[in-house]
Amino acid sequence: MHLGVITGDIIDSSKILEGGYRDKLLSTMYLAIQEIEEKKSWGKVKIEVFRGDSFQIAVDEPTFITDIAIAFRSKLIANSGSDTRWDARLGLGIGEEGYLSGKISESDGEAFHLSGQAFDSLQKNDRLAILTPQTNINEELWVSTSFVDEIISNWTLLQAATFYTYITENLSQKEIAQKEKKSPQAISKIFLAGKFNLIDNYLTRFHQIAGHLK
């Protein structure tokens with residue numbers, strides 16, 4: 001059985017913590033996971049935070065690990081403080097689950113190793129990387145993941161908040177417009193500027209690829 005693991009840390013965490021946002025940051029991280037887990041089609045999701053800025057997330061339905069990673073980042077960006085932009089560096093790994101403990105930090109196995117390797121591979125401006133046990137899949141994902149990473153890293157707070165609503169609540173543009181009390185045209189502009197269609201295409205393709213790993 002395969003497992004998905006996300007290893008991450010908060011970017012510029014010292015500035016965030018020094019700015020008095022520690023409690024808000026932690027509550028945002030845990031709330032994101034709670035809301036993400038409530039989307040039952042994504043399976044069970046568990047987070048463990050270390051030292052306030054490093055964390056691991058275990059995903060029992062690895063097909064949706066990219067959805068969860070992008071939703072998590074969008075939640076962070078959308079909740080940025082007034083003087084700091086919140087975001088995270090995420091290394092995603094899919095592999096055999098190995099040894100599972102009640103605590104993520106005490107668990108071990110292929111998925112954990114690949115997640116750590118993906119995280120360690122991140123360059124200075126990278127925010128997202130993924131590794132699987134199959135080299136051909138990793139090669140296909142490398143370019144598309146880098147491209148998606150670039151899009152997300154340049155989202156405005158409004159684009160991130162809109163995408164988070166879109167992906168976690170599975171709402172149409174019209175429904176989001178009604179919920180946010182905005183015109184359909186305004187929401188359409190957010191979708192276009194944020195290149196949400198390209199993110200959708202990436203996730204659809206990843207779901208197809210992940211199906212071959214089971």
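Because the model is predicted, local features are reported only at pLDDT of at least 70 and side-chain atom pairs only at pLDDT 80 or more, whereas totals for chains, interfaces and linings use all residues. Residues are numbered from 1 along each chain as its sequence is written, and side-chain values use heavy atoms, with hydrogens and water left out.

Rings of Phe, Tyr and Trp (for Trp, the six-membered ring) are paired if their centres lie within 6.5 Å; planes under 30 degrees apart count as stacked, over 60 as edge-to-face and the rest as tilted. For Tyr21 and Trp86, the ring centres are 6.1 Å apart and the planes stand at 70°, so this pair is edge-to-face. Tyr21 is located in the loop between α1 (13-18) and α2 (22-37), and Trp86 in the loop between α3 (65-78) and β4 (88-96); the pair therefore ties together parts that are 65 residues apart in sequence. Helices (H or I, at least four residues) and strands (E, at least two) are DSSP runs, numbered from the N terminus. Both Tyr21 and Trp86 are buried; here buried denotes under 20% relative accessible area, exposed over 50%, and partly exposed the range in between (1.4 Å probe, protein chains only). Elsewhere, ring pairs join Trp155, Phe163, Tyr166, Phe191 and Phe196 into a cluster.

Two packed helices are described by the angle between their axes and the distance between the axes. Axes are lines fitted to C-alpha atoms, for helices over the stretch in contact, with angles running from 0 to 180 degrees between N-to-C directions. Helix α6 (residues 157-169) packs against helix α7 (residues 173-180) at an angle of about 120°, the axes being 11 Å apart. This makes α6 oblique to α7, where angles under 35 degrees count as roughly parallel, over 145 as roughly antiparallel, 65 to 115 as roughly perpendicular and the rest as oblique. The α6 and α7 crossing is right-handed; a crossing is left-handed if the near helix is turned anticlockwise from the far one by less than a right angle, and right-handed if clockwise. On the α6 side, Thr162, Thr165, Tyr166 and Glu169 meet Ile176, Lys179 and Glu180 of α7, contact meaning heavy atoms within 4.5 Å. By class, the contact of α6 with α7 comprises 2 nonpolar, 2 polar and 3 charged residues. In this classification Ala, Val, Leu, Ile, Met, Phe, Trp, Tyr, Cys and Pro count as nonpolar, Asp, Glu, Lys and Arg as charged, and the others, Gly among them, as polar.

The axes of α6 and helix α9 (residues 196-210) come within 12 Å and cross at roughly 40°, and the two helices are therefore oblique to each other. The crossing of α6 and α9 is right-handed. Gln159, Thr162, Phe163, Tyr166 and Ile167 of α6 form this contact with Phe196, Ile199, Asp200 and Leu203 of α9. The residues of the α6 and α9 contact divide into 6 nonpolar, 2 polar and 1 charged.

Thr162, placed in helix α6, is buried at 8% relative accessibility. Apart from neighbours within four places in sequence, Thr162 is in contact with Ile176, Ile190, Phe191 and Phe196. Ile70 belongs to helix α3 and is buried at 1% relative accessibility. Not counting residues up to four places away in sequence, Ile70 touches Val148, Ile152, Trp155, Phe163, Ile199, Tyr202 and Leu203. Between Ile70 and Gln134, 64 residues apart in sequence, the C-alpha to C-alpha separation is 22 Å.

Ile11 lies in the loop between β1 (2-10) and α1 and is buried, with a relative accessible area of 15%. Residues up to four places away in sequence being excluded, Ile11 touches Ile16, Asp87, Ala88, Arg89 and Arg127. Ile11 and Arg85, 74 residues apart in sequence, are 8.6 Å apart in space, C-alpha to C-alpha.

Most residues other than glycine have a negative phi, and most peptide bonds are trans. Asp12, a residue other than glycine, has a positive phi near 50°. Asp12 is placed in the loop between β1 and α1 and is partly exposed at 46% relative accessibility. Lys195, likewise not a glycine, has a positive phi of about 55°. The loop between α8 (184-193) and α9 contains Lys195, which is partly exposed with a relative accessible area of 37%.
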